Amino acid sequence: MSKACTKCGKEKPLDKFDFKHRVAKNGTHHFYGMCRKCRNAKIMEWHKKNPKKVTLAQQKYAENNREKLIGLLQDSREVISDLLKYISDKE
Ligand SMILES: [Zn+2]
C-alpha cells in the first residue's frame with residue numbers, strides 16, 4: 001500500500017505517513033495527506049513563525065498534563081504528537 005503526498009507529490013509507502021488517532025468506522029486508520037517528512041517540515045516552520053504560541057501552548061499543556069509529562073522519557077514521541085495536536089486544536 002502506498003499513497004501520494006499532497007505536498008511533495010511523491011508516491012510513498014504508508015509507513016512514511018503518520019496516521020491520525022481517530023479510527024474510521026470501518027476500522028481503518030485515517031492517514032495525513034502529507035508524508036511525515038513534509039508534515040515535520042510544516043510543523044517546524046509553524047514553530048518558527050509562532051514561537052510565542054508554542055511557548056504558551058507548552059505551558060498550558062504542561063499544566064494540564066503533568067502526569068503525562070512525567071512519563072516523557074518513556075515515550076517522548078507520543079507526548080510530542082499529543083502536544084502538537086493540542087496546539088493545532090487551539091488554531
Ligand atoms: Zn511529502
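**Close-up views of a predicted model**

Figure 1. Zoom in on strand β2 (residues 11-13) and you are looking at the highest confidence in the chain, a mean of 96. Helix α4 (residues 76-89) sits at the other end, with the lowest mean, 72.

**Figure 2. The chain from end to end.** There are four strands and four helices here. Starting at the N terminus, the order is β-β-β-β-α-α-α-α. Take the contacts with a separation of 6 or more: 31% of them link residues 24 or more positions apart.

**Figure 3. Strands β3 and β4, side by side.** Strand β3 (residues 19-23) and strand β4 (residues 29-31) run antiparallel, joined by two bridges. Which residue of β4 is the bridge partner of Val-23? That would be His-29. As for burial, β3 has five residues and the number buried is zero, so this strand lies largely in the open. In a regular strand, side chains alternate between the two faces of the sheet.

**Figure 4. Helix α2, end to end.** Helix α2 covers residues 51-64, which is 14 residues. Is α2 buried or largely in the open? One of its 14 residues is buried, so α2 lies largely in the open. With 3.6 residues a turn in an α-helix, residues three or four places apart point the same way.

Note on methods
Residues numbered from 1 in each chain as written. Predicted model: local features only at pLDDT ≥ 70, side-chain atom pairs only at ≥ 80, totals over all residues. Contact = placed C-beta atoms within 7 Å. Expected span 1.5 Å × (residues − 1). Buried ≥ 20, exposed ≤ 12 C-beta atoms within 10 Å, placed from the backbone. pLDDT = per-residue confidence, 0-100. Pairing = 2+ DSSP bridges.
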